[in-house]
Amino acid sequence: DLVFTAFSGSHQDAIAKGFAAQSADGPWRVPYLPIDPKDIGRNYDSIVRVNSQSGKGGIAYLLERDHGIVMPRRMQIEFSAIVQRHADASETEISSEAIWQLFQQTYRQPLIEGPLRHLSQQLDEQPDGMRIRWRLQKAGERIEREGAGNGPVAAAAAALRVDSFSQHSLGSGAQAESVAIIEVALPGRAGTAFGVGQHGNTTTAALLALPCAFNRVCA
């Protein structure tokens, strides 16, 4: 059952990189897997499994393989610490579905349950960039913020007085939803936090990710 399974973080990272580099018609060269499991009737489902020994590479691999989420490296570090704490507490293997549930709790619940929530936005193009009129709900009260920047997310970051942000979006095809991952830092607060937004519109996905990250860094 475990002959094609890696729990070690360094092994998982090497296997994930090997799969990314492996060509369909080329010789099999995935580290730690001397033969292709499919050649003897197996599949790839159990190759990477996660417990307290596992690292960020295996966790990131499962999220990308099973849910299409591509985490930037700094987010991998942040989220893997959360998964490892859960694995240490439970003293059991963490399934891909359990990792997905932790991801939802960490990066989706702050958008739903946090004090700051996205309602709607109005974007206007200006000669020098973009201006946003952003309607939000903060602690149950509806508020409106305005900001300007070289794009919609930059304008929204200015409206929330965010010092810095970086955006990574995922999705292709006309029907694909966009997943935006944003890291923010706030003035006067140490450290950063990531937020995730998902929507059919790429701009709206980013505007959902920003208050999610804001809620997390404030918490």
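Reader: Of the 219 residues of the protein, what percentage count as buried?

Author: The model is a predicted one. A residue is counted as buried when its relative accessible area is under 20%. Applied to the 219 residues of the protein, this criterion gives a buried share of 44%.

Reader: What pattern of helices and strands does the protein follow along the sequence?

Author: The protein contains 7 helices and 6 strands. Read along the sequence, these elements follow the pattern α-α-α-α-α-β-β-β-α-β-β-β-α.

Reader: Which residues have the most contacts inside the largest nonpolar core?

Author: In soluble globular proteins, nonpolar side chains tend to be buried together. Here the largest nonpolar core has 33 residues. The elements that contribute two or more residues to this core are α1 (9-21), α2 (56-67), α3 (73-90), α4 (96-107), β5 (178-185) and β6 (193-199). Inside this core, the residues with the most contacts are Phe79, Ile99 and Phe103.

Reader: Leaving aside its neighbours within four places in sequence, with which residues is phenylalanine 79 in contact?

Author: The contact criterion is heavy atoms within 4.5 Å. With neighbours within four places in sequence set aside, the partners of phenylalanine 79 are Ile59, Leu63, Met71, Ile99, Leu102, Phe103, Thr106 and Tyr107.

Reader: Which residues of helix α6 are buried?

Author: Helix α6 spans residues 152-159 and is mostly covered, with 6 of its 8 residues buried. Just after α6, arginine 161 adopts a positive phi of about 60°. The buried residues in the helix are Val153, Ala154, Ala155, Ala156, Ala157 and Ala159.

Reader: In which sense do strands β2 and β3 pair, parallel or antiparallel?

Author: Strand β2 covers residues 129-138 and strand β3 covers residues 141-149. The two form a hairpin with 2 residues between them, and alanine 139 in the turn has a positive phi of about 55°. Glutamine 137 stands opposite arginine 142 in β3. Over 9 bridges, the sense of the pairing is antiparallel.

Reader: How far apart are the mean positions of the positive and negative charges of the protein?

Author: The C-alpha atoms fill a box of roughly 60 × 40 × 25 Å along the principal axes. The protein carries 21 positive and 23 negative charges. The distance between the mean positions of these two sets is 6 Å.

Reader: What percentage of the accessible surface belongs to carbon and sulfur atoms?

Author: The accessible surface of the protein comes to about 11,600 Å². The share that belongs to carbon and sulfur atoms is 46%.

Note on methods. Residues numbered from 1 in each chain as written. Predicted model: local features only at pLDDT ≥ 70, side-chain atom pairs only at ≥ 80, totals over all residues. Heavy atoms only, no water. Core = buried A, V, L, I, M, F, W, Y, C linked by side-chain atoms within 4.5 Å. Buried < 20%, exposed > 50% of the residue type's maximum accessible area, 1.4 Å probe, protein only. Helix = DSSP H or I, 4+ residues; strand = E, 2+ residues; numbered from the N terminus. Areas by Shrake-Rupley, 256 points an atom, 1.4 Å probe, with all protein chains shown as cover. Lys, Arg positive; Asp, Glu negative; His and termini not counted. Charge placed at Lys NZ, Arg CZ, Asp CG, Glu CD. Pairing = 2+ DSSP bridges.
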